[in-house]
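Please look over the sequence and the structure shown below before reading on. The briefing after them is arranged by topic.

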Amino acid sequence: MDDYARAAHEAVDLLAGYVANSTSGVGPPTAQPDPGELAADLDLTTWIRNGGMDADAFAAWLPRYLDATVRLHHPGSLAHQVASPSTGAALADLVHGASNNPMAKYEMGAAGATIEREVVRWMLGKVGFDPDEAGGVLTHGGSLANLTALLAARAHVAPDAWRAGVPAGLALLAPRSVHYSIRRAAAILGLGEHAVIELEVDDLERIRPDRLGGALDRCRAAGKRPLALVATAPATSTGLHDDLESIGAFCADHDIWFHVDAAHGGSALLSPRHRDLLAGVERADSVVWDAHKLLRTSALCAAVLVGRASDLPAAFEQHADYLFDDHESVGFDLVDRALETTKATLGLKLFLSLAWEGERGLGEYVASRYELAVRFHEALQQEPGITCPYAPESNILCFRVDGHDQLELRDRILTEGRLHLSSTTIAGERYLRLVVTAPATDERTIDQLLETVRILTPVAH
Ligand SMILES: Cc1ncc(COP(=O)(O)O)c(C=O)c1O
């Protein structure tokens, strides 16, 4: 392990420099080299064939790898919903990488399992569930978390589905704006994508609570019954929130499983100034909340949370003599409530992120990113030739530069090298999209964005 200690020290020094430089805006926020040239530059085939990397070779190779990464700590990193990991979270990956305790069985990682149980309890409390009644599990990502939650809904609505297969006539009520993992889940669960009955939305793609009755009538008229109704907090494209209070009340009145995909915005529950955006989330039967979006953990660390703890194990029935037996042993297992058997110690990332930043610190971080998005909006709105379709509610913001092809403009912004933006459509119209995530993004980044747009679109300005 001498080699490990030496190489790890080299890595930590290089990574600390990388984080510091990225945070100060050194280098471009994104690198998009040709994959063939990159594979050659990183000597991939040689290393794969011959092996033999040691601490010195690794120290020479790692900077070349880092050169071709997306720098998420960079102030100009505004593209995707990926965290700029906190120190604690980054250390969790180091610890997991060496200790490797896949702790879904307590016997296979008591510390990791205990931490997962505690952070899940903490999340349940934040959602407004009673931690003694409710339950949850961490999974590798929000997509898997959505699938897990809808599997629990399926077990609730069609308890025989596990053995007998999915009965005909189940429908999923969801707006067009739901994350694509929801449609995928419908297909994977055996309902088929066509089982998604689209809820009516307003012109910013938010569910219209006043039209839910109509959707339910359409569902029933088609001879179907709802498996679940899905609302989002907030929507991936716009960052706008569905009205969870009204939708939750509708679901309660009609006995429909209410699933809230709060993968992105669950973290706003930590900000006293923003938690009302999720008012009504406690009405949900299931909630998904990604820590790897705004709780500053690396990918992945997503939670599936259910109001009734038994709903998760009810979703799975499996026998595996090498894992399960009747013999009484210390601890508890998590394998009965997740799709994965072998899991990384996901809870450690969230725990160490919390341990470093504190619940209040993370709440302030979320608030600061949400409030900076408002500042971006104010500045963009005053700029001639720019259309902002709405004031942001979260750290996601869309705008378009009139008279330009937004995708082509995005390419030019990326090539210019100071900013990394994404793009989306709202009600069929293409927009540029910002996700204000890095703690280093500030007012100067707003100036840079305006300057970049002015330089690249001189006619409109
Ligand atoms: C609302 C929402 N749900 C689910 C997901 C999927 O999460 P993951 O990328 O962790 O699978 C995303 C990701 O962007 C999201 O925005």
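Predicted model: local features only at pLDDT ≥ 70, side-chain atom pairs only at ≥ 80, totals over all residues.

Residues are numbered from 1 along each chain as its sequence is written, and side-chain values use heavy atoms, with hydrogens and water left out. Helices (H or I, at least four residues) and strands (E, at least two) are DSSP runs, numbered from the N terminus.

**The open sheet and its helices**

- Four strands form an open sheet in the order S8-S9-S11-S10, with antiparallel pairing, where two strands pair if DSSP finds at least two bridges between them.
- The edge strands, each pairing on one side only, are S8 (386–387) and S10 (422–426).
- Strand S9 (residues 396–401) is joined to strand S11 (residues 429–435) by four bridges in the antiparallel sense, and Cys 398 stands opposite Arg 433 in S11.
- Helix H14 (residues 406–416) packs on this sheet and touches S9, S10 and S11, its direction making about 30 degrees with that of S11; contact means heavy atoms within 4.5 Å.
- Helix H13 (residues 346–381) lies across S8, S9 and S11 and runs at about 15 degrees to S9, where axes are lines fitted to C-alpha atoms, for helices over the stretch in contact, and angles run from 0 to 180 degrees between N-to-C directions.

**Helix H5 against helix H13**

- Helix H5 (residues 87–99) packs with H13 at an angle of about 145 degrees, and their axes are 7 Å apart.
- On the H5 side the contact includes Leu 91, Ala 92 and Val 95, and on the H13 side the residues include Leu 348, Leu 352 and Trp 356.
- By class, this contact of H5 with H13 has seven nonpolar, three polar and two charged residues, where Ala, Val, Leu, Ile, Met, Phe, Trp, Tyr, Cys and Pro count as nonpolar, Asp, Glu, Lys and Arg as charged, and the others, Gly among them, as polar.

**Strand S4 and its partners**

- Strand S2 (residues 170–175) pairs with S4 in the parallel sense over four bridges, and Leu 172 stands opposite Ala 228 in S4.
- S4 also pairs with S5 in the parallel sense over four bridges, and the bridge partner of Leu 229 in S5 is Phe 258.

**Two buried loop residues**

- Ser 271 lies in the loop between strand S5 (258–261) and strand S6 (286–290), and Ser 271 is buried because its relative accessible area is 1%.
- The side chain of Ser 271 makes a polar contact with the side chain of His 274 (2.7 Å); a polar contact is a pair of N or O atoms within 3.5 Å, and within protein one must be able to donate a hydrogen and the other to accept it, while residues adjacent in sequence count only if both atoms are side-chain atoms.
- Beyond its neighbours within four places in sequence, Ser 271 is in contact with Gly 363 and Ala 367.
- Asp 311 is found in the loop between strand S7 (302–306) and H13, and Asp 311 counts as buried at 9% relative accessibility.
- The side chain of Asp 311 makes a polar contact with the side chain of Arg 308 (2.8 Å).

Key
Buried < 20%, exposed > 50% of the residue type's maximum accessible area, 1.4 Å probe, protein only.
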